[in-house]
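Dear colleague,

I am passing on the structure below, and after it you will find notes on what turned up. Please read them with the coordinates open.

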Amino acid sequence: MILLDILFCLVLIKLIIKVQIRRDKSAQCLIGKTTIVTGANTGIGFCTALEFAKRGAKVIIACRDRVQGENARENIISATGNKNIHVGIVDFRSLRSVRQFANEIRSKETRLDILVNNAAGIKLGNKTTDDGLNLTMQVNYFGPYLLTILLLDLMKRSAPSRIINVACVGICSPHVNPRVLNEYPSGRCPELVNYANSKLCLMLFTNELARRLRGTEVTVNSVHPGAVDSDLLRNANCCLWSPVLLLKCMCFKTPEEGSQTILHVALSEEARKSSGKYFTNCQTEWRYFTPKESFDVCLAKEVWENTEDLLHLADNERIPSCL
Ligand SMILES: NC(=O)c1ccc[n+]([C@@H]2O[C@H](COP(=O)([O-])OP(=O)(O)OC[C@H]3O[C@@H](n4cnc5c(N)ncnc54)[C@H](OP(=O)(O)O)[C@@H]3O)[C@@H](O)[C@H]2O)c1
């Protein structure tokens, strides 16, 4: 009897959660538009690319594995009939790979209307890349930062255009510190803290870039997709994961549901003028639930400048501050 009660409550909770998931309702057609979705071979990125393809866009699946990219491409073509789907190879563990991919896009494409920085990894270990950077920070933050900066001129020429950075709600820990950009954290659950730090830096980048792009009609926003049952947890066995795995079946969204807020920010009229905002569940997040550090203008500028130095950006790759 108790078991039945528990089961009933669980089903009820699942139903309530499902009903509360908002969906993108925009009718935006993307014929003639070019889009890039990083990490589009699987999960939330794949569902985002699929929807762009349905709407007629040219879609560039940016991923690190040619075979997986081609599989995703074939699946999207057979599901949508849109043959204007292409695979680009980028591995965010290497800044050289990011530069090569950006150069390829700049030389081949005449426009870029939507860039979704979706690719990310979690629990990548205490490793340093060949560029001398913390691996998680490079895959989730430095790589997308560099890619965005290198594609900005193309996006400005295609304006109005939109950049969407896929972030994550803050994980509360005193060890999350965006000032320590290139060090593996100490304390409990360092993998999670490393991930949270990379996502907080991505949000600070979003907000600082929005300030630097004022008046250009290129908008940039961050999105939290919600807790999604995807491949992201494939490496995960950290202290927090056991309850998470139990909750997974109950509360997690499907990747298609997780893509809805990205689509909303990429396509909707409502989000057209938003820049430097944080969205979740197809609406701007209440300030109370947004990591408070992400509003810190001085911190954003400091992290931006430290990043420019760590990436050894040339003078013409540095975007002037508005302050
Ligand atoms: N799932 C969630 O609950 C959740 C919650 C909050 C935020 N997010 C964010 O949502 C986004 C999408 O995640 P997801 O849940 O869809 O996870 P996923 O299924 O694991 O997709 C992640 C994508 O990123 C790619 N990627 C990882 N490392 C890369 C690298 N070094 N270079 C290029 N691509 C790389 C993966 O490629 P491979 O297939 O080759 O590994 C994959 O295509 C991420 O930014 C994630 O942080 C997810």
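**Sheet, helices and cores**

The strands form an open sheet of 8, in the order S3-S2-S1-S4-S5-S6-S7-S8 and with mixed pairing, where strands are DSSP runs of E of at least two residues, helices are runs of H or I of at least four, and both are numbered from the N terminus; two strands count as paired if DSSP finds at least two bridges between them. Strand S3 (85-89) and strand S8 (283-284) are at the edges, each with a single partner strand, so one side of each has no neighbour in the sheet. S2 and S3 pair in the parallel sense over 5 bridges, and histidine 86 in S3 is the bridge partner of isoleucine 60.

On provenance, this is a predicted model, in which local features need pLDDT of at least 70 and side-chain atom pairs count only at pLDDT 80 or more, while totals for chains, interfaces and linings use all residues. Residues are numbered from 1 along each chain as its sequence is written, and side-chain values use heavy atoms, with hydrogens and water left out.

H5 lies across strand S1 (34-38), strand S4 (114-117), strand S5 (161-166) and S6, and runs at about 175° to S4 (axes are lines fitted to C-alpha atoms, for helices over the stretch in contact, and angles run from 0 to 180 degrees between N-to-C directions). H5 also packs against H6 at an angle of about 20°, with the axes 7 Å apart, and the two helices are therefore roughly parallel (angles under 35 degrees). Residues making this contact (heavy atoms within 4.5 Å) include Tyr141 and Leu152 of H5 and Phe205 and Leu209 of H6.

The largest nonpolar core has 51 residues, and those with the most contacts inside it are Ile36, Tyr141 and Leu209; such a core is a set of buried Ala, Val, Leu, Ile, Met, Phe, Trp, Tyr and Cys residues joined through side-chain atoms within 4.5 Å, buried meaning under 20% relative accessible area with a 1.4 Å probe and protein chains only. H5 gives the largest share of this core, 14 residues. A second, separate core of 32 residues includes Val37, Ala40, Val228 and Phe279.

Glutamate 208, in helix H6 (residues 190-212), counts as buried at 1% relative accessibility. Setting aside neighbours within four places in sequence, glutamate 208 is in contact with Val297, Ala300, Lys301, Trp304 and Ser321.

With best regards

Methods. Buried < 20%, exposed > 50% of the residue type's maximum accessible area, 1.4 Å probe, protein only. Parallel < 35°, antiparallel > 145°, perpendicular 65-115°, else oblique.
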